[in-house]
Amino acid sequence: RDLMRQHHQDRYNGNYRQRHENMHKLVTAPQFDEAAVRAQIQDMDKQAIERHVEMAKVHNQMYQLLTPEQKAQLEKNYQQRMSDFDQQGQ
């Protein structure tokens, strides 16, 4: 819980909202500026990658706290989800 709380506080430090406000301004501008939109999207993509990496790090930290039994159960649950996913794709 503490790991997730810290991650959440770090993620929502104001930059997230500002990027979305910038995109809104670009979309609602009188003239469409493709270069500015592309730059904004690239910035948002870069930040999304950073968020995903950080979340993977947090998940790894949480995994390391599990007991061997909990790790085995997690793996069993994962394999079941993958099996369900494969069946849905058929």
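Modeller: In this predicted model, Arg 17 is joined to Glu 21 by a salt bridge in which the closest N and O atoms lie 2.8 Å apart. Both residues belong to helix α2, which covers residues 15–27, and because they are four residues apart there, about one helical turn separates Arg 17 from Glu 21. The two partners can also be described by their accessibility: Arg 17 counts as exposed because its relative accessibility is 61%, over the 50% cut-off, whereas Glu 21, at 29%, counts as partly exposed.

The structure holds two salt bridges, and the other to consider is formed by the side chains of Arg 38 and Glu 34, with an N to O distance of 2.9 Å. Here the setting is helix α3, residues 34–64, in which Arg 38 and Glu 34 are four residues apart and therefore separated by about one helical turn. Arg 38 has a relative accessible area of 53% and so is exposed, while Glu 34, with 42%, is partly exposed.

Apart from these charged pairs, there is a nonpolar surface patch to note, made by Tyr 78, Met 82 and Phe 85 and amounting to about 300 Å². Of these residues, Met 82 is placed in helix α4, which spans residues 68–88, and with a relative accessibility of 32% Met 82 counts as partly exposed.

Methods. Residues numbered from 1 in each chain as written. Predicted model: local features only at pLDDT ≥ 70, side-chain atom pairs only at ≥ 80, totals over all residues. Heavy atoms only, no water. Patch = residues over 30% accessible without salt bridge, like charges linked within 9 Å, V, L, I, M, F, W, Y side chains within 5 Å. Areas by Shrake-Rupley, 256 points an atom, 1.4 Å probe, with all protein chains shown as cover. Salt bridge = Lys/Arg side-chain N within 4 Å of Asp/Glu carboxyl O. Helix = DSSP H or I, 4+ residues; strand = E, 2+ residues; numbered from the N terminus. Buried < 20%, exposed > 50% of the residue type's maximum accessible area, 1.4 Å probe, protein only.
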